[in-house]
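Let's take a friendly walk through this protein, from its overall make-up to a few residues worth a look. Please keep the viewer open as you read.

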Amino acid sequence: MKIFKYKKALLAFFMCCVLALGCSLTEAPTAMAKSKEEIKDQISDLEEESKKLDKEISKLKADKAAQNKIKSAIEKKISNTQQQIALCNKEIQDLNNEIAANEAEVERLEKVKEEKIHVYRCQMRAIHMNNGNASLQLILGTEDISSYLTVENFSDLLAVYNERMVNEISATQKEIDSRRAEIDKKIAAQNETKKVLAAKKAELDKQVAEVNSVISDINSEQKEVLDEQKQIEKEIAALEAELAPYINMNTGTVYDGSAFTWPVPGHYKITSGFGKRWGTWHRGIDISDGNIYMAPIVAPADGVVVKADNSCKHNYGKSRSCGCGSGWGNHVMIDHGNYQGDNYKSLAGHMTKIAVSSGQKVKKGQVIGYVGSTGYSTGWHCHFEIYLNGTRVDPMKYYNKVK
């Protein structure tokens, strides 16, 4: 009866161990690491695009007039860098999630291992406590040899179970070590991505500073242009005041109504027409080509020179007015007289030098000066105006065809 109770106790203990082991072997599924290839490829593509933008910006910087294009190109590069930063942040976040999943799994495996070690220790303690006379006690306590063999077989089974427990504890430890190695690997990858992120943020700061510098340049240039426009307007106002007596001057000349002669014979290219230009009103037409320097400028019709200014010595292209001749440099105004109740006058400016003087009568086609770049002029050309009753009008209304 006693041995029966002993066997029942051992069997109960064995079943508890088996149940404990079964519970410990039910492990949560491991977190699968996400692929980084897509993110890496995207970053690589963006870096290639960034290099192309660098080349475009370098080309544009060679052209000072392309500031707005430079600004647009840098803004595209900023957008490109911001996308790379977003991808780096996503990669860091993905690695954070994977590291957290691995750390949670390590924590769970540690608990599993501790449970297995606890069960194993309990078994070994029980065996140790009864190990001294275990076989003899079993023999003396059994009623027959059959009962002894049953208990002995159970002891063998328990030894196998213990060995299995040791192997499982060892396997769990290996899994823990593997997970920790994976965590270290992902932390290293994350640190590398953080370095890339820091570099991209530095690039972004540089690009923002660069675009702000360009914007500042543009604003400065716009201010210069506005200041220049204001200066031009002042000069025009001064010119208007200066020209007023000449515009309204009546020399008694009679215009015969015949067609005007083209002011620069042989040169017919109009580089700037009558109307709005650069935020102001262009009050005449500009005639220019590659061979126009020192070309003769002629009177478009008979008349009397009412104004001849030959004071400007700044005969070269310039980005702002030198102030001479109220912006026209060396210029000549002719009164062509009245026709059918209307008065006609003309003006030619930016001459290298003039060939007539105030009060002089001139004939249609007579040379009055030579093409130059005096006054506010960016290059060699003839600025030509026609006045109808003291008001500037589009000169092209008086020419049927220009070669």
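How many helices and strands are there in the protein? There are five helices and twelve strands, where helices (H or I, at least four residues) and strands (E, at least two) are DSSP runs numbered from the N terminus. What you see is a predicted model, in which local features need pLDDT of at least 70, side-chain atom pairs count only at pLDDT 80 or more, and totals for chains, interfaces and linings use all residues. Residues are numbered from 1 along each chain as its sequence is written, and side-chain values use heavy atoms, with hydrogens and water left out.

Let's begin with the whole chain. Of its 403 residues, 39% count as buried; buried means under 20% relative accessible area, exposed over 50%, and partly exposed in between (1.4 Å probe, protein chains only). The accessible surface comes to about 22700 Å², and carbon and sulfur atoms hold 55% of that; these areas come from the Shrake-Rupley method with a 1.4 Å probe, and for residues only the protein chains shown count as cover. Take the contacts (heavy atoms within 4.5 Å) with a separation of 6 or more: 76% of them are between residues 24 or more positions apart.

Now for the interior. A nonpolar core is a set of buried Ala, Val, Leu, Ile, Met, Phe, Trp, Tyr and Cys residues joined through side-chain atoms within 4.5 Å. The largest one has 27 residues, and Val 264, Ile 297, Val 332 and Ile 368 have the most contacts inside it. Two or more residues come from each of β4, β7, β8 (342–354), β10 and β11, with β8 giving the most, four residues. Leaving aside neighbours within four places in sequence, the contacts of Ile 297 include Val 264, Met 351, Ile 368 and Cys 382. A second, separate core of ten residues includes Ile 85, Cys 88, Val 211 and Val 214.

Cys 88 is buried at 1% relative accessible area, and Cys 382 is buried at 0%. A search of the whole structure finds zero disulfides, a disulfide being a pair of cysteine sulfur atoms within 2.5 Å.

Aromatic rings come next. Rings of Phe, Tyr and Trp (its six-membered ring) pair if their centres lie within 6.5 Å; planes under 30 degrees apart count as stacked, over 60 as edge-to-face and the rest as tilted. The whole structure has nine such pairs. One of them, Tyr 293 with Trp 380, is tilted, at 4.2 Å centre to centre and 35 degrees between the planes. Tyr 293 lies in the loop between β4 and β5 and Trp 380 in the loop between β10 (367–371) and β11 (382–388), so the pair ties together parts that are 87 residues apart in sequence. Tyr 293 is partly exposed at 40%, as is Trp 380 at 35%.

Stay at Trp 380 for a moment. Ser 288, in the loop between β4 (285–287) and β5 (296–298), is buried at 14%, and its side chain reaches the backbone oxygen of Trp 380 at 2.8 Å. Tyr 316, in the loop between β6 (303–309) and β7 (330–339), is partly exposed at 43%. Beyond four places in sequence, Tyr 316 is in contact with Ser 373, Ser 377 and Trp 380.

Technical notes. A polar contact is a pair of N or O atoms within 3.5 Å; within protein, one must be able to donate a hydrogen and the other to accept it, and residues adjacent in sequence count only if both atoms are side-chain atoms.
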